[in-house]
Amino acid sequence: MKKYHKPLIVITGASSGIGAATAKLFSAQGYPLLLLARRIEKIEALGLPDTLCKKVDVIDYDSLKAAIIEAEALYGPTDAIVNNAGVMLLGDIASQDAKEWKEMFDVNILGLLNGMQAVLPQMKERQHGTIINISSIAGRKTFPNHAAYCGTKFGVHAITENGREEAASFNVRMVTIAPGAVETELLSHTTSEAIKVGYGVWKDEMGGVLDPNDVASAIAYAYNQPQGVNIREIVLAATKQQ
Ligand code: NDP
C-alpha cells in the first residue's frame, strides 16, 4: 500500500451541494477520499486525486461497508466519515404521501446510522476517529411544512450525541453540523410546487443563504482540531436568517 501523509475520509452524498464542496476542501488539504452517491458520474466528474468513487445508496449497508473496505485497502483505515447524504421532501402531515416520510427516515436516519456502524468498531479498536453527522437548523427548531424532515433532523442530533457518549471513552469524536438554508439541489426534490415557490420567496426576502463552501469550512474546522478536542455541535446560518 502506498504511504499517504493524511488518513482516509469518507463522504456520503458527495455528488452535489455540501458533500461535493466538502470533498473538494478535504482533497485540497491533502486527504485521500472515498466519495459515495448514487450518481457516480457526478462524483467522478469532480476529478479529485487519491479518491475512490463508488455508486452506493446509503440505505444499503452491505454496499456501503464493501466500499469502505475497498477504500481502506488503498488508503488505510478510515479516520473520518461525513454522513451527509440526505433528502428534504417538504409537506404537511394532513396530506403528504407517506412514501416521502419513509424516504426521509430511510436516508436521513437509517442511512446515517449505517454510515456510523460501518466505521465505528474499527475506530473504537484504533482509539482514533471522527464521525461527522450533517443535521440542520431544522434539527433545532421547527418550520412550516417540515414536520417529517424536522423529525429526521432532530433525530440526527439525538443519535450523534448518544453516539458521542458511547464512543467518548474510546477517544472517538462525534460532531453534529447544523446548517441553516444553503444553496443546493436539496429543495428541488420537494413535490409540492406551492411549497417550493414559498421557500424561494422566503430565501429571497432573507437576502440570500449560505454557500455549500461555508458548511464545508465548518466541517473541516471541527475535524482539523486535535483529536483531544471534540467540537460537539456547530449551528451556522446566513446572518439574516431568523
Ligand atoms: P443536495 O441535494 O445537493 O445533496 C444531497 C446529497 O445526498 C446528494 O449528493 C445525493 O446524491 C445524496 N443522496 C440522497 N439520497 C441518497 C441515498 N439514498 N444514498 C446515497 N446518497 C444519497 O443537498 P445538500 O447538499 O443541501 O444536502 C446535504 C445534507 O445537508 C443533507 O443531509 C441535508 O439535509 C443537509 N442540509 C441541507 C441544507 C440546505 O439548505 N441545503 C440545510 C441544512 C442541512 P445522489 O442523488 O447522487 O445519490
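Between which two elements does the loop that holds Asp50 lie? I looked this up to get my bearings, and found Asp50 in the loop between α2 (40–44) and β3 (51–55).

**Entry 1: ground rules**

I note that residues are numbered from 1 along each chain as its sequence is written. I also note that this is a predicted model, in which local features need pLDDT of at least 70 and side-chain atom pairs count only at pLDDT 80 or more, while totals for chains, interfaces and linings use all residues.

**Entry 2: the chain as a whole**

I counted through the elements of the protein chain, where there are 7 helices and 7 strands; helices (H or I, at least four residues) and strands (E, at least two) are DSSP runs, numbered from the N terminus. Reading along the sequence, I wrote down the pattern β-α-β-α-β-α-β-α-β-α-β-α-α-β.

I then looked at the overall dimensions, and the C-alpha trace spans about 55 × 40 × 35 Å along its principal axes.

Of the 242 residues, 41% count as buried. In these notes a residue is buried if 20 or more other C-beta atoms lie within 10 Å of its own, exposed if 12 or fewer, and partly exposed in between, with C-beta atoms placed from the backbone. I also looked up contacts (two residues whose C-beta atoms, placed from the backbone, lie within 7 Å), and residues 24 or more positions apart account for 71% of those with a separation of 6 or more.

**Entry 3: around the ligand**

Which residues come nearest to the ligand? Of the 30 residues around the ligand, I listed Gly13, Gly17, Arg38, Arg39 and Gly86 as coming nearest; a residue is near a molecule or strand if its C-beta atom, placed from the backbone, lies within 6 Å of it. The elements that give two or more residues to this shell are α1 (17–28) and α4 (98–126), and α1 gives the most, with 3 residues.

I sorted the shell by residue type and found 14 nonpolar, 11 polar and 5 charged residues. Here Ala, Val, Leu, Ile, Met, Phe, Trp, Tyr, Cys and Pro count as nonpolar, Asp, Glu, Lys and Arg as charged, and the others, Gly among them, as polar.

**Entry 4: along helix α4**

I followed α4 from its first C-alpha to its last, and its 29 residues reach 41 Å, close to the 42 Å expected at 1.5 Å a residue; the expected span is 1.5 Å times one less than the number of residues. Where does α4 have a kink? I found a kink of about 40° at Leu120, shortly before the proline Pro121, where the bend at a residue is the angle between axes fitted to the seven residues ending there and the seven starting there.

Arg126 is also found in α4, and I marked Arg126 as partly exposed because 14 C-beta neighbours lie inside 10 Å. Just after the helix, Gln127 takes a positive phi of about 55°.

**Entry 5: what meets Pro77**

I placed Pro77 in the loop between α3 (61–75) and β4 (78–83). Leaving aside neighbours within four places in sequence, Pro77 is in contact with Pro7, Leu8, Glu72, Gln122 and Arg126. I also checked Pro77 against Met123, which is 46 residues away in sequence and 8.4 Å away in space, C-alpha to C-alpha. Pro77 counts as partly exposed, because 16 other C-beta atoms lie within 10 Å.

**Entry 6: the loop between β4 and α4**

Both Asp92 and Ile93 turned up in this loop. Asp92 is partly exposed, with 13 C-beta neighbours inside 10 Å, whereas Ile93 is exposed, with 9. I found the C-alpha atoms of Ile93 and Ala148 to be separated by 7.9 Å, although the two are 55 residues apart along the chain.

**Entry 7: positive phi in other loops**

I returned to Asp50, whose phi is near 45°, a positive value in a residue other than glycine, and which is partly exposed with 15 other C-beta atoms within 10 Å. Asn171, in the loop between α5 (147–167) and β6 (172–179), has a positive phi of about 65° although it is not a glycine. With 15 C-beta neighbours inside 10 Å, Asn171 counts as partly exposed.
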